Amino acid sequence: MSLNALLKRGPFAKAPARILVVCTRRIGDVLLTTPLIRSLKKKWPGAAIDMLVFRGTEGVLKGNPDLHEVIAVAHRQPWRQTLRDLGSIRGKYDIAITAMSSDRSRMYLWMGGRWRLGVVEAKLRDWPKRLMLSRAMTIPDDGSHVVQDSMRIAREMAAVPTGEVVPPVPTEAERQQLRQSLAPLAGRAYAVLHLRPKYRYKMWTDDGWFALAQWLQQRGLAVVLTGGGDADELTYVDALAQRLPGMLNLAGKLSFAQTAALIASAELYVGPDTATTHTAAATGTPVVTMFGPTPPDRWGPWPHTWDSLDNPWQRRGSAHRGNVYLVQGPGECVPCGEEGCDRHLDSDSACLQNLPASQVIAAAQVMLELKRCKQGAKDVERAVSVPAAPPHAER
């Protein structure tokens, strides 16, 4: 039975009061589920929407105006704790939704929602999983983007789909702390470089980052480095900062929301395939990103204010869409969809190791020039819109 039919009778005769959205995956998956939440909030503005995620990913949802509460559960935990988590949400929600095919997410839906929509694989052996759901969806393997999957679910909920990814928002205290961190720049325009992804197979080269940072400094831009608090990442970022003095190293010093605010005021952001890059695209700042094994048509950063419901990215080839310039590494095998050439997380990827700095710099130049032209047009528009001072009256 469709949701529209349910809404016309029984417990769904009126708009839902409480909705649960479950996303028990990585931080990038959580961020790219925010368009679904926004679509639901626009359809039911009076509903309290909660989101259940793995602990450690909730920072990407900070300050999200569409959410009532974020519930964080441990990724790996004893069954007793899982049972307690399930008990805490039992029967609390009119509607529960997940955009992923996951046994654990379906379990939270089954316990928390009176009406449940989930994703299942198109396999006969998955029929028992459908019994846990009021409505089971199969997402076709047709090269769609993960944001488009959220749009499909929004349409299934009779909501108008949006592709608007919502970045996290810092508190005022965090903003003040960020301003203090940027004091060494003395108001200079800056570019943000996010050097290291979580996994090695998505990494670019040390020499490439050095050449790019040097080029940005020569253009008169300050360079700000960001990164997480992992010891290996801090060591890696610090090595580049030592190699080219004058850069401001903020790796490990900012929350995810502060990093989003930092990027929002930057002239340019450059980063690999990582959740921070998806956040950067959502802020509207010009973005250059380097992709290797990862298929862009599935995981490319969704451009800010991308109005079309069509996929902004193709599977092969570099491209510029909206505020994002995606530079794809060379090779006939690209994108392979594997975890590097050796098929494990700590593997190198030849497509990224062979991606020249000149190609990334050329993309950065395009994005900086576009921003300069847009700013110039705004300045002209602002000047024209200011009314002329009235002539002095003759005495």
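Two strands count as paired if DSSP finds at least two bridges between them, and the exercises below apply this criterion to a predicted model.

**Exercise 1.** Determine in which order the 7 strands of the open sheet are arranged, and which of them are the edge strands.

*Solution.* The order of the strands in this open sheet is β9-β8-β7-β10-β11-β13-β12, and their pairing is mixed. The edge strands, each of which pairs on one side only, are β9 (248-249) and β12 (319-321).

**Exercise 2.** Identify the strands across which helices α9 and α10 lie, and give the angle of α9 to β7 and of α10 to β8.

*Solution.* Helix α9 (residues 206-218) lies across β7 (190-194), β8 (222-226), β10 (268-272) and β11 (287-291), and runs at about 175 degrees to β7. Helix α10 (residues 231-243), for its part, lies across β7, β8 and β9, running at about 165 degrees to β8.

**Exercise 3.** Locate Thr-24, decide whether Thr-24 is buried or exposed, and list its contacts beyond its neighbours within four places in sequence.

*Solution.* Thr-24 belongs to the loop that links β1 (18-23) with α2 (27-31). Its relative accessibility is 7%, and because buried means under 20%, Thr-24 counts as buried. Once the neighbours within four places in sequence are left aside, the residues in contact with Thr-24 are Leu-52, Phe-54, Met-100, Ser-102, Ser-105 and Tyr-108. For the chain as a whole, 51% of the 395 residues count as buried.

Technical notes. Residues are numbered from 1 along each chain as its sequence is written. This is a predicted model: local features need pLDDT of at least 70, side-chain atom pairs count only at pLDDT 80 or more; totals for chains, interfaces and linings use all residues. Side-chain values use heavy atoms; hydrogens and water are left out. Helices (H or I, at least four residues) and strands (E, at least two) are DSSP runs, numbered from the N terminus. Buried means under 20% relative accessible area, exposed over 50%, partly exposed in between (1.4 Å probe, protein chains only). Contact means heavy atoms within 4.5 Å. Axes are lines fitted to C-alpha atoms, for helices over the stretch in contact, and angles run from 0 to 180 degrees between N-to-C directions.
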